[in-house]
Amino acid sequence: MSKTITIDGKVIPFEEGQTIMDAAMAAGVYIPHLCHQPEFTPHGSCKLCTVKVNGRNCSACTFPAADGQDVLNHTEELIEDRKKITQMLFVEGNHFCPSCEKTGNCQLQAVAYHLNMLDNHFPLFYPDREVDASHDEVMVDHNRCIFCTLCVRASHEKDGKDVFAISGRGIHKHLIVNAESGLLKDTDVAATDQAAHICPTGAILIKRTGYQVPIGQRIYDHQQIDQVSLATEHPKHGE
Amino acid sequence: MANKIRVATTSLAGCFGCHMSFLDIDERMLQLAEVVEFDRSPITDIEHCTNCDIGLIEGGVCNSENVHVLREFRNNCKILVAVGACAINGGLPAMRNHIPLEECLNEAYLDGIGVENPKIPSDIELPLLLDQVHPIHEIVKIDYYLPGCPPSADVFWKFLTDLIEGREPSLPYELVHYD
Amino acid sequence: MRQFIHGIAENNHYQATHLLQILRQIQSRYHYIPEAAIEQLSGLLSIPRTQIISVIEFYSFFHLTPRGRYELLISDSITDHMLGKKDLLDYLAKKLAVAVGAVREDGLVSLENTSCTGMCDQGPAGLVNGYALTRLDRSSIDKIVELVNQQKPLDEWPKELFLVNDNIYKSGLLLDRQMEQGAALKSAFKRGVKATLAEVDKSGLRGRGGAGFKTATKWQFCSEEQQSVRYVVCNADEGEPGTFKDRVLLNSYADQVFEGMTVCAAIIGAKQGFLYLRGEYLHLYDKLQSILNQRRQNGLLGTNILDQGLDFDIEICLGAGAYICGEESALIESLEGKAGIPRNRPPYPVTQGYLGKPTVVNNVETFLAAASIAVNGGDWFADIGTEKSKGTKILSISGDCARPGIYEYPFGTTIQTVLNDCGADDVLGVQVGGPSGTFISNQEFDRKLAFEDLATGGSFIIFNSSRNILDMVHNFTHFFAHESCGFCTPCRVGTSLLQKQIDKIVEGHGSAGDVVALEELCQLVKNYSHCGLGQTAANPIITTLERYPDLYQNRLKEISYEPGFDLDGALTTARRMANRDDAGAHLAQTDAFGSRPVASLPPSLAVGE
């Protein structure tokens, strides 16, 4: 007999070694997430994928599925709290969507839309952060970094480089690049690197491509991230 | 009609784009006019608002006058609404927030290219700038938020008709945009 | 410099796991980590430069820009404040002519705050180039300033500046007698390691760091793992403000702690152990090393210990200023030469710990107790205490009492007994377990020290009725924001938001909804944070809000809303530049109508209703 968990009452099978997120996605159940991409080692830092497992909060992307787990995902409390966590991500950085070329394709924005986030709720931090446009083809706008480390993992795990890292502590955390000058142009990053394309927000962008699709016709302008995520991040649903 | 809903609107540190978008409800404005009357607003000539039901605020707070206007609205509107990106998070004007105000003023009035007769303006009629631009929810209590840069005409229509018809206002997915 | 760095790297066998130890030596020599050193280390250790920078920027004691040749850090624990720290710091800054947080122009000296240095019973305290300074007062500060300005080397400074006392006022089961070196190991071998584990089990010993996991179970799990390499780690990263008992144990009972580790190694089958010593206890380092050497000479460490075929040795690793490394998985990351970011669990350290191998991490006091249990048996320990909390607990007592210091009590002792013993009267309340613990009021002094009532890692800070509870809450909340590792969103952003919100209320800018907003934020940070730091960061607020709601409410203005920042202050620059000071150039923090309560929303605005 195969092992199962239930998510919001729905019985879902899983294989040994799968996380709750893996099992959910394979079964077509969306759990909001930003720092997770199935092809990379789970990180568990954004906490948007928090679900209640047998009454206890766990990160779905890192927590192993185990037979008989009772998982709550789509509850009013979790949705409301995920919205607040998203608002935290918005206020700690400088997320001015109207001036960002990622708008409409941005996963941070899309999760916020999905959670019907209409305001920032908290006071804004307006941190002083830099833009690194030194490289010919790739740029980093630190104002929009949410420290998901997808670029760090992509560069290390897929590109076989170590272009990016997260440095600093607490609210002073920041993205750094592997060059004495601290500038992207002096790293071995290439526009073909996965790391240059993986950013869920507009923090890492390929230059001169931003407006190829007009605003209003972009991924999340008409389609919610739950559908997009299931279709693109889990092959079975992409068919 | 004494029982019309009184609506006031203003633009603080904004570009009036939200107001323009409001006007894009086009012919529905006539429908609205049957149940709504405008108090203080760029589309009337009323200077101060009194006893309003709904106040729509565009723009963030960048100077002392913005604070006074916002407080007047809060004190005279039952429901105060942050309209558009700038009111909600400071928007584009807030992109000056990481530049010290002194540098901004120096660049604009003293050292900038093409500045003639360099001098920091000083007149009691002129409002003074705050050192940072703030979203309006950091100055007064806000009841509702309409995101967008600008929020589309349909957002205004949906929100106002919800309120007028006694429903808790809500925006469906298609109407929630930050850009 | 190249030669110096190469030498350090060589001494550390070019191991990236030793990065912290290497950086400590570079920082100590150059007072920062120069760019050239980063470049060179990157090559020598075969790690990306980004990894080195992220470690430097994570730990408070490493710097990318030069600090003073005399680096002065003043402890910012609430207990230091209660002993007049703020005035002393101002005095010191003035005498040295350097701002707090800055390096003096001549590069000779720098001054900064630092988190609790573990000298709460003999504060105000500080560190100079990493070495503990105690009982600071104006006269010792005058002396220090003179010594700095004369550029006297530290080893020529008067010893009394560095005097650290044990201050043991009450000893019990564990502190009563010094164990003979080797006694626990001899007993363990005589009884057999399996039987010794059974004794530890019978003793009911639970982890003394605060969480209280059963020690024997942890050791059992680790020994059952299908791996040949296992590790023993002693957590001496005693960072919880108000705790200092591990410092005393390592100063006067280190042999027994090492022995406890060795017994553990014999039981689980480990060859290597680590003592992770918080950087603030640098003054203990040489002494501990010589005890280890002595143990090696006496056949109690190294190969074939006591001719029983056990190979085991212990290495001391120093931390570098990060409270989070007290969390066991963060500590392991730090031991591996990385930033102290707590891991995702499961897997737990007993299955995948140091370098992915099964690892037992226990508190200093736990190993000390385990050694005693190995000698005296499980019943000896289990006879004392309560049903779920066996044995004794060693407390670090500080704050408003006549005799701050170390006290050992059987579990089940009431708070009132403790207060009587240490000479505390007119007590308003006690912070039990440090900032991450619980604040109890003077209505609760019949409560007991025990896992089933008041669990504690040992911190016990007493506040008398002259103290303002909100000052304490303010201090603790800032501490957590400073120490958050920043890994997860709820803690990284949440602790900063808590800090802003508590500042707003303490500074008198709070209004009607602000306490509600604060409570809501507390729950969010508590329920969603990745590790114990975030999960307890709101405790100072939650536990005081529960007991003293009026204290918070009284700070609130009876108005609908007030900005969280100084409105008139935000006009200062514009006023100065426009050369204005007229009435129109100022803003009131609240407006004339501000006292009006919040308008309640009409249920319906429908026309005609």
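1. Is Pro127(A) buried, partly exposed or exposed, going by its C-beta neighbours inside 10 Å? Pro127(A) counts as partly exposed, because it has 16 such neighbours; the class covers residues between buried (20 or more other C-beta atoms within 10 Å of their own) and exposed (12 or fewer), with C-beta atoms placed from the backbone. Pro127(A) sits in the loop between α3 (107-114) and β6 of chain A. Helices (H or I, at least four residues) and strands (E, at least two) are DSSP runs, numbered from the N terminus. Beyond its neighbours within four places in sequence, Pro127(A) is in contact with Glu92(A), Gly93(A) and Asn94(A), where contact means C-beta atoms, placed from the backbone, that lie within 7 Å. Asn94(A) is 33 residues away from Pro127(A) along the chain, yet their C-alpha atoms are separated by 7.0 Å.

2. On the basis of the model: it is predicted, so local features need pLDDT of at least 70 and side-chain atom pairs count only at pLDDT 80 or more, while totals for chains, interfaces and linings use all residues. Residues are numbered from 1 along each chain as its sequence is written, and chains are lettered from A, and ligands numbered from 1, in the order in which they are written.

3. On confidence: the predictor gives the complex an ipTM of 0.97 and a pTM of 0.96. Chain C averages a pLDDT of 95, and 97% of the residues score at least 70; pLDDT is the predictor's confidence in each residue, from 0 to 100. Residues 595-609 of chain C have a pLDDT below 50, although this stretch has 29 contacts in the model beyond near neighbours in sequence. Where pLDDT is low, the predicted coordinates should not be read in detail.

4. In chain A, β6, β7 and β10 form an open sheet of three strands in the order β6-β7-β10, with antiparallel pairing; two strands pair if DSSP finds at least two bridges between them. β6 (131-132) and β10 (204-206) of chain A are at the edges with a single partner strand each, so one side of each has no neighbour in the sheet. β7 (residues 138-141) of chain A pairs with β10(A) over three bridges. Leu205(A) in β10(A) is the bridge partner of Met139(A).

5. The loop between β7 and α4 of chain A holds Phe147(A). Its phi is near 60°, a positive value in a residue other than glycine. Phe147(A) is buried, because 25 other C-beta atoms lie within 10 Å. In helix α4 (residues 150-158) of chain A, the buried residues include Leu150(A), Val152(A) and Ala154(A). Among the elements that cover the buried residues of α4(A) are β8 (164-167) and β10 of chain A. Just after α4(A), Gly160(A) has a positive phi of about 65°.

6. Backbone points to check in chain C: the peptide bonds from Arg345(C) to Pro346(C) and from Pro346(C) to Pro347(C) are cis, with omega near 0°. Pro346(C) lies in the loop between α14 (328-335) and β10 (359-363) of chain C. Arg135(C), which is not a glycine, has a positive phi of about 45°. Arg135(C) is in the loop between β4 (131-133) and α7 (138-149) of chain C.

7. Chain B has six helices and seven strands. Its radius of gyration is 18 Å, close to the 16 Å that the globule rule gives for 179 residues, so chain B is as compact as a globular protein of that length. The radius is taken over C-alpha atoms, and the rule is 2.2 Å times the number of residues to the power 0.38. Buried residues make up 49% of chain B.

8. On the interfaces: 32 residues of chain C are in contact with 28 residues of chain A. On the chain C side, α19(C) gives the largest share, eight residues. Between the other two chains, 32 residues of chain B are in contact with 30 residues of chain C.
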